Amino acid sequence: MKAVLFEKFQEVPKLTTVADPTPDLNGVVLKVAATGVCRSDWHGWMGHDSDIDLPHVPGHELAGVVETVGRDVRNWKPGDKVTVPFICGCGSCSECHSGNQQVCLHQEQPGFTHWGSFAEYVPIHQADLNLVALPEGMDFATAASLGCRFATSFRAVIDQGKVSAGQWVAVHGCGGVGLSAVMIAAAAGANVIGVDLDPAKLAMAQELGAVAVIDGREADVPAAIHELSKGGAHVSLDALGHPVTMTNSILCLRPRGKHVQVGLMLGEHAAPAIPMPKIVGQEIELLGSHGMQAHRYGAMLDMVASGRIDPSRLVGQQISLSDAPKALMEMDKFQSVGVTVITRF
């Protein structure tokens, strides 16, 4: 099969031919129809993820068609159209037994713990636990965006942040994760404030339901949010993963507010300074959000079916597999609006 592969971290990935994968007993092989290009893939290529063994094929945000199934798979057959959370549970540990596959103690992640979806085919483990059937009529590009950024934002806003109608919600960073969070929080009835440095992304945030936007280049972000919300945000998300956006997110909260860290902070940003006096003095909650379990996709897909959220609006540029190396290497430049998706193989 064709695949994008890198043999050393931070070297130019190449489009090459590698052996086709085979399913394990509980797994399947998917024919990839679409896969997103995510900043997490860039972190992997940079060498920030200790799970990656070289040589490596990246890609974790995918949708496709079941090609072959392992002997012990019961719920899926060739031809089924599916997506998959980027965190696949093992099904055996205490976290999986409690329904929290997103923090599985033995998790598999396509594109990190094994070769991923920047390829014509990708293996998925524990298929009966981890695969999600696509709704009738959902295109593959939209479905690919669900596996990481949109689903992660759904869990961050709904399950972790517990956002409710009338609350003020700040979203710091309006890339794919942030714009997803804007749409989802607005659909929940919140007053959403989007923060970014790019006027095009701020305009998109307003189109998706933000009641206000802030240009981080020109404003004291926490002060501006306190003024707009008349006291500070109830929930604030760092959707980028940077010490500045993390700090602004915490400082913009009202007493007993919730900060949700969604963006990865790796490499030189892995141990940022945290404004602890505010956290202690105002009883601020610090929450992480790491993907979403397959069994929670139903709630998200119900909102899609009802028209309350429309992830297709977040699909940006659609590119070919041969374009993927350049797109991957440029992910730290935050150039694209929406989610860049590989749809031509």
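Contact here means heavy atoms within 4.5 Å of each other. This is a predicted model, in which local features need pLDDT of at least 70 and side-chain atom pairs count only at pLDDT 80 or more, while totals for chains, interfaces and linings use all residues. Residues are numbered from 1 along each chain as its sequence is written, and side-chain values use heavy atoms, with hydrogens and water left out. Helices (H or I, at least four residues) and strands (E, at least two) are DSSP runs, numbered from the N terminus. A residue is buried under 20% relative accessible area, exposed over 50% and partly exposed in between, for a 1.4 Å probe and protein chains only.

**Helix α8 and its cover**

- Helix α8 spans residues 243–251, and its buried residues are Thr-245, Met-246, Asn-248, Ser-249 and Ile-250.
- An α-helix has 3.6 residues a turn, so residues three or four places apart point the same way.
- The elements covering the buried residues of α8 include the strands β8 (168–172), β11 (233–238), β12 (253–261) and β13 (285–288).
- Helices α7 (221–229) and α9 (276–281) are also among the elements that cover them.

**Helix α4**

- Helix α4 runs over residues 140–160 and bends by about 60° at Leu-146; the bend is the angle between axes fitted to the seven residues ending at a residue and the seven starting there.
- Of the 21 residues in α4, 19 are buried, so the helix is mostly covered.
- At the N-terminal end, Asp-139 caps α4, with a side-chain oxygen 3.2 Å from the backbone nitrogen of Ala-141.
- After α4 comes Lys-162, which has a positive phi, near 50°.

- Asp-215 belongs to strand β10 (residues 212–215), and it counts as buried because its relative accessibility is 15%.
- With neighbours within four places in sequence left aside, Asp-215 is in contact with Asp-196, Leu-197 and Leu-202.
- Gly-99 sits in the loop between α2 (94–97) and β6 (121–124), and it is buried because its relative accessible area is 15%.
- With neighbours within four places in sequence again left aside, Gly-99 is in contact with Gln-293 and His-295.
- Gly-99 and Asp-41 are 58 residues apart along the chain, and 26 Å separates their C-alpha atoms.

**Backbone features in loops**

- The peptide bond from Leu-54 to Pro-55 is cis, with omega near -5°, and Pro-55 is in the loop between α1 (39–46) and β4 (62–69).
- Gln-10 is not a glycine, yet its phi is positive, at about 70°.
- The loop between β1 (2–5) and β2 (14–17) holds Gln-10, which counts as partly exposed because its relative accessibility is 48%.
- Glu-283, also not a glycine, has a positive phi of about 50°.
- Glu-283 lies in the loop between α9 and β13, and it counts as partly exposed because its relative accessibility is 48%.

**The second largest pocket**

- The second largest pocket has a volume of about 180 Å³.
- Its lining has 15 residues, and those nearest the centre are Arg-39, Trp-42, His-43, Glu-268 and His-269.
- A pocket is an open set of points on a 1 Å grid over the protein atoms alone, where a 1.4 Å probe fits, with protein on both sides within 12 Å along at least five of seven lines; lining residues have an atom within 4 Å of a point.
- The volume is the space filled by probe spheres set on the points, which are joined across faces, edges and corners.
- The lining of this pocket divides into seven nonpolar, six polar and two charged residues.
- Ala, Val, Leu, Ile, Met, Phe, Trp, Tyr, Cys and Pro count as nonpolar, Asp, Glu, Lys and Arg as charged, and the others, Gly among them, as polar.

Note on methods: A polar contact is a pair of N or O atoms within 3.5 Å; within protein, one must be able to donate a hydrogen and the other to accept it, and residues adjacent in sequence count only if both atoms are side-chain atoms.
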